[in-house]
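This report goes through a predicted model element by element. The sequence and the structure come first, and the description follows.

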Protein chains: 2
Amino acid sequence: MARRIDVETRPREPLSRERVLRAALALADAGGVESLSMRRLAHELEVVPMALYKHVANKDELLGGMIDVVVEEIDPPAVGAEWKTAIRERILSARRALLRHPWASRVMESRTEPTPTVLAYMDSMIGMFLAGGFSIDLTHHAMHAMGSRLMGFTQELFNDTADTDAEMEAQMWGSMADTLPNIYQLYLTVSHDDASVVGPGCDDQFEFELALDLLLDGLEKLRDR
Amino acid sequence: MARRIDVETRPREPLSRERVLRAALALADAGGVESLSMRRLAHELEVVPMALYKHVANKDELLGGMIDVVVEEIDPPAVGAEWKTAIRERILSARRALLRHPWASRVMESRTEPTPTVLAYMDSMIGMFLAGGFSIDLTHHAMHAMGSRLMGFTQELFNDTADTDAEMEAQMWGSMADTLPNIYQLYLTVSHDDASVVGPGCDDQFEFELALDLLLDGLEKLRDR
DNA sequence: AAGCCTAGGTGTACGTCGTACACTTGTCAA
DNA sequence: TTGACAAGTGTACGACGTACACCTAGGCTT
C-alpha cells in the first residue's frame with residue numbers, strides 16, 4: 001500500500017481573522033454581497049467552512065469586520081482646515097471608499113448595531129462640527145440632518161446601474177411618454193446634456209456634492225443665526 | 001370503513017394575490033421582514049408553500065407587491081397648495097406610511113428595480129417640482145438631492161431602537177466618556193432636554209422635518225437665483 | 001350527458017444556507 | 001513524556017426558495 005503522497009507541497013499559510021476579512025472583502029468586491037457565503041469564503045481560502053468560525057464568531061460579525069475595514073479607509077480629518085471644507089473633504093473621502101466597495105452601504109443599512117469603529121468615526125465627525133463653532137444642540141441636529149450621508153451614502157432610491165438590454169429599454173421609454181410624462185421629460189433633457197457625464201447622462205459625483213453643499217450651507221446659516 | 005368526515009367544515013376561502021399580500025404585510029408588520037418566509041406565509045394562510053406561487057411569481061415579486069401597497073397608502077398631492085408645502089406634506093405622509101410599516105424602507109433599499117407604482121410616485125413628485133416653477137434641470141438636481149427622503153426615508157445610519165438591557169447600557173455609557181467623548185457629550189445634553197421628546201431623548205419627527213426644510217429651502221434659493 | 005380544459009392547490013425533492021457539536025492534529029510548555 | 005491548547009475537520013440539522021409532476025373540482029363545448 002503506497003503511503004500518502006503530499007500532493008500539496010506548500011504548507012498553506014494559516015488562517016487569521018485578517019486573512020478571512022481580506023478574502024471576504026475581495027469576494028464581495030468582485031461579486032456583490034449576495035455572493036458572499038461562509039461556504040464560498042471557506043472554499044476560496046481552501047479550508048472547510050467551519051474553520052472560519054475559529055476566527056470570526058458568525059456571519060454577522062464577519063460583516064461587521066468588513067465594514068470596519070472600509071471605514072478605516074476613510075481619510076482622517078484634515079488639520080487646520082476650515083470646518084466646512086474639512087467635513088466636506090472627509091465625506092467625499094468616505095464616498096470614495098464606498099464606491100470602492102459598492103456592497104458596503106447595503107450591508108451597513110442592514111445592520112442594527114454600529115461597530116466601535118463606526119462609532120469612532122461618528123464621534124470624530126461630531127468633533128468636527130463642535131470645532132466649527134456649532135453648539136451642542138445644533139451639532140446634534142446636524143448629525144441627524146446629514147444622516148447616512150456622513151458616511152458617503154448617496155441615498156438614491158435606485159442605483160440605475162441595472163443593465164437591461166437596449167431593445168427592452170427603448171420600448172420602455174416609448175411607452176413611458178404617456179404613463180410617466182415627467183420622468184420621460186427629465187430623461188429627454190438629461191440624456192443630451194453636455195458630455196461630461198457618467199453613465200446614463202447624469203453625473204453622480206456632481207449630484208452628491210450639490211446635495212452635500214445644500215445641507216452644509218443650510219447648517220451654516222443655522223449656526224450664524 | 002368509515003368514510004372521511006369533513007373535519008374542516010368551512011370551505012376555506014380561496015387564495016388570491018390580494019389575500020397573499022395582505023397576509024405578508026401583516027407578517028412583516030408584526031415580526032419584521034426577516035420573519036417573512038414563503039413557508040411561514042403559506043402556513044399563516046393554511047396552505048402549502050407552493051400554493052403561493054400560483055399568485056406570485058417568486059419572493060422578489062411578493063416584496064415588490066408589498067412595497068406597492070405601502071406606496072399606495074401615501075396621500076395624493078394636495079391641490080391648490082403652494083409647491084413647498086404640497087411637497088412637504090406629501091413627504092410627511094410618506095413618512096407616516098413608512099412608520100406604519102417599518103420593514104418597508106429596508107426592503108426598498110434592498111431592491112434594484114422600482115415597481116411601476118413607485119415610478120408613478122416619482123413621476124408625480126417631479127411634476128410637483130415643475131409646477132413649482134423649477135426648471136427641468138433644477139428639478140433633476142432636486143430629485144437627486146432629496147433622494148430617498150422623497151419616500152419618507154429617515155436616512156439615519158442606525159435606528160437606535162435596539163433595546164439593550166439597562167445595565168449593559170449604563171456600563172457602555174460609562175466607558176464611553178473616555179473613548180467617545182463627543183458622542184458622550186451629545187448624549188448628556190440630549191438626555192435632559194425638554195420633555196417633548198420621543199424615545200431616548202430625541203424627537204425623530206422634529207429632526208426629520210428640520211432636515212427636510214433645510215433641503216427645500218436650499219432648493220428654493222437655487223430656483224430663485 | 002360526456003368529455004375535456006384549466007385554474008388552483010398538493011407533495012416531493014433539490015441545492016443552498018448558517019452553524020452546533022464532537023473529533024483530530026500539530027505545537028509548545030512544563 | 002505529558003498534556004494543554006489552538007487550529008482545522010467531518011457530520012449533521014433545520015431553515016430557506018422553488019422546480020416539477022401531480023391531483024382535483026368547476027365550467028365550457030359538443
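In helix 7 of chain A, the buried residues are A:T139, A:H140, A:H141, A:A142, A:M143, A:A145 and A:M146. A residue counts as buried if 20 or more other C-beta atoms lie within 10 Å of its own, as exposed if 12 or fewer do, and as partly exposed in between, with C-beta atoms placed from the backbone. Helices (H or I, at least four residues) and strands (E, at least two) are DSSP runs, numbered from the N terminus. The buried residues of helix 7 pack against helix 6 and helix 10 of chain A, and also against helix 9 and helix 10 of chain B. Just after helix 7 of chain A, A:G147 has a positive phi of about 60 degrees.

The model is predicted; local features need pLDDT of at least 70, side-chain atom pairs count only at pLDDT 80 or more, and totals for chains, interfaces and linings use all residues. Residues are numbered from 1 along each chain as its sequence is written, while chains are lettered from A and ligands numbered from 1 in the order in which they are written.

**Chain A**

Chain A has 10 helices and zero strands. Of its 225 residues, 28% are buried. Among the contacts in chain A with a separation of 6 or more, 61% join residues 24 or more positions apart; a contact requires C-beta atoms, placed from the backbone, within 7 Å.

Helix 3 of chain A (residues 59-72) contains A:L62, A:L63, A:G64, A:G65, A:M66, A:I67, A:V70 and A:V71 as buried residues. These pack against helix 1 (17-31), helix 4 (83-100), helix 5 (103-110) and helix 6 (116-131) of chain A. The 14 residues of helix 3 should span 20 Å at 1.5 Å a residue, and its end C-alpha atoms are 20 Å apart, which agrees. The expected span of a helix is 1.5 Å times one less than its number of residues.

Helix 10 of chain B has 21 residues and reaches 30 Å from its first C-alpha to its last, close to the 30 Å expected at 1.5 Å a residue. Its buried residues are B:F208, B:A211, B:L214, B:L215, B:L216, B:G218 and B:L219. Their cover includes helix 7 (136-146) and helix 10 (204-224) of chain A, together with helix 4 (83-100) and helix 7 of chain B.

The largest nonpolar core has 94 residues, of which A:A24, A:I67, A:L215, B:A24, B:I67 and B:L215 touch the most other members. Such a core is a set of buried Ala, Val, Leu, Ile, Met, Phe, Trp, Tyr and Cys residues joined through C-beta atoms within 7 Å. Leaving aside residues up to four places away in sequence, A:A24 touches A:L36, A:L41, A:L62 and A:M66.

**The two chains together**

In the interface, 42 residues of chain B are in contact with 42 residues of chain A. On the chain B side, helix 5 (103-110), helix 6 (116-131), helix 7 (136-146), helix 9 (181-191) and helix 10 (204-224) each supply at least two residues. That side divides into 20 nonpolar, 14 polar and eight charged residues. Here Ala, Val, Leu, Ile, Met, Phe, Trp, Tyr, Cys and Pro count as nonpolar, Asp, Glu, Lys and Arg as charged, and the others, Gly among them, as polar.

Chain B superposes on chain A by a rotation of 180 degrees with 0.0 Å of shift along its axis (RMSD 0.0 Å). This is the relation of a two-fold axis. The same surface serves both copies, and 100% of the contact residues of chain B recur in chain A. The superposition is by least squares on the C-alpha atoms of residues with pLDDT of at least 70 in both copies.

**The DNA strands**

A residue is near a strand if its C-beta atom, placed from the backbone, lies within 6 Å of it.

| DNA strand | Residues around it | Closest residues |
|---|---|---|
| C | 15 residues | A:S37, A:M38, A:N58, B:L15 and B:M50 |
| D | 15 residues | A:M50, B:S37, B:M38, B:N58 and B:K59 |

Helix 2 (residues 38-44) of chain A gives the most to the surface near DNA strand C, with three residues. For DNA strand D, helix 2 (residues 38-44) of chain B gives the most, also three residues. The surface near DNA strand C has nine nonpolar, two polar and four charged residues.

**Positive phi outside glycine**

A:E46, in the loop between helix 2 and helix 3 of chain A, has a positive phi near 55 degrees. A:E46 is exposed, with 10 other C-beta atoms within 10 Å. B:Q155 has a positive phi near 60 degrees and lies in the loop between helix 7 and helix 8 (166-179) of chain B. With 20 C-beta neighbours inside 10 Å, B:Q155 counts as buried.

Notes: Contact = placed C-beta atoms within 7 Å.
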